[in-house]
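Please look over the sequence and the structure first.

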Amino acid sequence: MSVNSVETKMRYRISGGRVSSYIASNTRTWLSASGWREMSHSLNHRSVLGGGAEARTYAHMRNSTFCAGKTTNVYYPISLPSKPHIVYFNQTHSMRVIGE
């Protein structure tokens with residue numbers, strides 16, 4: 001059973017081997033019935049050198065009742081709050097995802 005998750009998405013158009021336009025989005029889910037809630041999130045995106053595009057998601061989920069009454073925090077990406085989920089497109093038409 002998944003109690004929370006984060007997915008980063010990017011739709012893009014290629015023109016002349018470069019990203020000509022893009023739309024970045026994310027989907028965050030949490031099982032509120034078991035006490036999970038989203039504390040914060042952000043989605044940042046930008047064009048990058050070499051004709052690429054990048055989307056970054058940070059998220060913080062919390063549950064105060066899930067683990068025997070102790071507060072549980074989950075940061076996306078897992079255990080690396082300073083490093084986001086990154087979806088990156090570069091000029092070789094390849095996608096790579098960095099992070100959990």
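## Arg 62 and its surroundings

The side chains of Arg 62 and Asn 73 are joined by a polar contact of 2.8 Å. A polar contact is a pair of N or O atoms within 3.5 Å; within protein, one must be able to donate a hydrogen and the other to accept it, and residues adjacent in sequence count only if both atoms are side-chain atoms. Arg 62 is placed in strand S4. Helices (H or I, at least four residues) and strands (E, at least two) are DSSP runs, numbered from the N terminus. With 24% relative accessibility, Arg 62 counts as partly exposed. The word buried means under 20% relative accessible area, exposed over 50%, and partly exposed in between (1.4 Å probe, protein chains only).

Apart from neighbours within four places in sequence, Arg 62 is in contact with Gly 35, Trp 36, Arg 37, Met 39, Thr 71, Thr 72 and Asn 73, where contact means heavy atoms within 4.5 Å. From Arg 62 to Glu 38 the C-alpha to C-alpha distance is 6.3 Å, although the two are 24 residues apart in sequence.

## How the model is read

This is a predicted model, in which local features need pLDDT of at least 70 and side-chain atom pairs count only at pLDDT 80 or more, while totals for chains, interfaces and linings use all residues. Residues are numbered from 1 along each chain as its sequence is written, and side-chain values use heavy atoms, with hydrogens and water left out.

## Salt bridges

How many salt bridges does the structure hold? There are three, a salt bridge being a side-chain nitrogen of Lys or Arg within 4 Å of a carboxyl oxygen of Asp or Glu. One of them joins the side chains of Arg 28 and Glu 38 at 2.5 Å, N to O. Arg 28 lies in strand S2 (residues 18–30) and Glu 38 in strand S3 (residues 36–48), so this pair ties together parts that are ten residues apart in sequence. Arg 28 is partly exposed, at 22% relative accessible area, and Glu 38 is partly exposed at 22% relative accessibility.

Arg 46, Glu 54 and Arg 56 are linked in a network of salt bridges. The side chain of Glu 54 meets that of Arg 46 at 2.9 Å, N to O, and in the salt bridge between Glu 54 and Arg 56 the closest N and O atoms are 2.8 Å apart. Glu 54 counts as buried at 8% relative accessibility. Arg 46, at 44%, is partly exposed, and Arg 56 is partly exposed at 24%.

## Nonpolar cores

Which residues make up the largest nonpolar core? The seven are Val 3, Val 6, Trp 36, Ala 59, Met 61, Val 74 and Tyr 76. A nonpolar core is a set of buried Ala, Val, Leu, Ile, Met, Phe, Trp, Tyr and Cys residues joined through side-chain atoms within 4.5 Å. Strand S4 (52–67) and strand S5 (70–76) each supply at least two residues of this core.

Neighbours within four places in sequence aside, Val 74 is in contact with Asn 4, Trp 36, Ala 59, His 60 and Met 61. A second, separate core has five residues, among them Met 10, Val 19, Ala 53 and Ala 55.

## Thr 57

Thr 57 is part of strand S4. Is Thr 57 buried or exposed? Thr 57 counts as buried, at 0% relative accessibility. Its side chain makes a polar contact of 2.7 Å with the side chain of Thr 8, and another polar contact, of 3.4 Å, joins the side chains of Thr 57 and Asn 26.
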